[in-house]
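Let's take a walk through this protein together, from its strands to its ligand. Keep the structure open beside you as you read.

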Amino acid sequence: MTISGKARLAGVMGWPIGHSRSPRLHGYWLEQYGIDGAYVPLAVPPDRIEQAMRALPALGFRGCNVTVPHKEAAYRTVDRLDATAKRMGAVNTIVVGEDGSLEGRNTDGFGFIENLRSGAPGWSAADGPALVIGAGGAARAVVASLLDEGAPRVWLVNRTRARADELAADIGGAIETADWVSRETLLEGAVLVVNTTTQGMAGQPPLELDLRALPGWAVVTDIVYTPLMTPLLAAAQARGNRVVDGVGMLLHQARPGFAAWFGREPEVTEGLKAAVLQG
Ligand code: ATR
């Protein structure tokens with residue numbers, strides 16, 4: 001696809017960035033909608049992240065995504081934060097204003113919820129308690145968005161309990177933490193189980209979680225998407241639970257940025273999913 005001198009520009013800043021699927025994701029939409037624009041990988045080392053973000057308006061960029069390890073630095077650098085980014089303490093989307101100012105947003109929770117909505121029609125966070133496993137950066141977005149969507153309670157368990165306690169204190173609200181050993185007991189009564197740990201990822205051992213106590217109507221989701229069908233999801237599906245794979249979170253979190261930079265609300269389709277998972 002060729003672009004003109006008037007092309008709209010955006011990209012993704014990370015370090016390293018070679019593994020990012022975002023250029024392919026946004027590139028698919030740009031081509032699909034025939035938009036004169038480009039979305040490029042931006043390999044920015046940590047000691048130059050502030051300089052790189054400040055250069056966005058000078059270069060005429062409409063904004064960018066921010067990924068590991070820059071999400072917290074972006075939070076500290078931008079001129080304005082939306083309410084969600086403020087709550088997360090992290091920014092994954094920057095929008096350059098008409099005046100050259102940088103607005104920081106966080107769309108990870110939006111992506112997580114939209115993925116569940118489309119993958120498990122009829123599911124609602126308000127239906128009952130959720131069990132969230134893991135307490136890293138991704139867990140923060142998951143827990144906060146579940147509470148915002150009306151989850152009556154979120155059980156949070158992490159191998160290192162102190163990290164779960166810290167996350168619960170930061171986010172506030174109806175979060176209860178528990179010891180790692182009690183995770184299987186907490187399945188009873190859960191309407192949603194979320195793995196936010198790295199367990200189950202290709203090259204990692206599966207998450208150790210016996211699903212015996214999980215009600216049949218509960219939905220199980222994983223933020224790991226390599227492989228798409230993690231051992232956890234396979235086990236849940238085998239016993240009849242609805243499962244939602246993790247790549248949709250990546251696809252849906254990209255929607256608000258694309259709309260802001262390129263002026264069109266994009267759609268998440270099977271074609272997009274296939275393109276992003278390729279290679
Ligand atoms: P992020 O990249 O999301 O910020 P991370 O620090 O990489 O987070 O977190 C990965 C998550 O996987 C953590 O919850 C981590 O648990 P700890 O806080 O105890 O480290 C979890 N995790 C990693 N390896 C694990 C294992 N072998 N068993 C259980 N949990 C594990």
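Predicted model: local features only at pLDDT ≥ 70, side-chain atom pairs only at ≥ 80, totals over all residues.

In β6, Leu-81 has Gly-104 as its bridge partner. Residues are numbered from 1 along each chain as its sequence is written, and side-chain values use heavy atoms, with hydrogens and water left out.

Back to β6, which covers residues 102–105 and runs parallel to β4, joined to it by two bridges. Strands and helices here are DSSP runs numbered from the N terminus, with at least two residues (E) for a strand and at least four (H or I) for a helix. Two strands count as paired if DSSP finds at least two bridges between them. Strand β6 also pairs with β5 (residues 93–96), this time in the antiparallel sense over four bridges. Together β5 and β6 make a hairpin with five residues between them, and in the turn Gly-100 has a positive phi of about 85°.

Now zoom out to the sheet that holds these strands. It is open, has six strands in the order β2-β1-β3-β5-β6-β4, and its pairing is mixed. Its edges are β2 (37–43) and β4 (80–81), each of which pairs on one side only. Elsewhere in this order, β1 (residues 8–14) and β3 (residues 61–66) run parallel and are joined by five bridges. If you look for Gly-11, you will find that its bridge partner in β3 is Cys-64. Helix α1 (residues 22–32) lies across β1, β2 and β3 and runs at about 175° to β2. Contact here means heavy atoms within 4.5 Å. Axes are lines fitted to C-alpha atoms, for helices over the stretch in contact, and angles run from 0 to 180 degrees between N-to-C directions.

Two loops deserve a stop on the way. A cis peptide bond, with omega about 0°, joins Trp-15 and Pro-16, and Pro-16 sits in the loop between β1 and α1. Another cis peptide bond joins Val-68 and Pro-69, again with omega about 0°. Pro-69 is found in the loop between β3 and α3 (71–77).

Next comes an open sheet of six strands with parallel pairing, in the order β9-β8-β7-β10-β11-β12. The edge strands are β9 (175–178) and β12 (242–244), each pairing on one side only. On average, neighbouring strands of this sheet are turned by 20° against each other, direction ignored. Within it, β10 (residues 192–195) and β11 (residues 219–222) pair in the parallel sense over four bridges, and Val-194 has Thr-221 as its bridge partner in β11. Helix α7 (residues 161–171) lies across β8 (154–157) and β9, running at about 170° to β9.

Which residues are closest to the ligand? They are Gly-137, Asn-158, Arg-159, Thr-160 and Arg-163, out of 13 residues that surround the ligand; a residue belongs to this surround if one of its heavy atoms lies within 4 Å. This shell divides into three nonpolar, eight polar and two charged residues. In that count, Ala, Val, Leu, Ile, Met, Phe, Trp, Tyr, Cys and Pro are nonpolar, Asp, Glu, Lys and Arg are charged, and the others, Gly among them, are polar.

An oxygen atom of the ligand lies 2.6 Å from an N or O atom in the side chain of Asn-158. For the side chain of Arg-159, the distance from a ligand oxygen atom to an N or O atom is 2.8 Å.

Note on methods. Polar contact = N/O pair within 3.5 Å; in protein donor to acceptor, adjacent residues only side chain to side chain.
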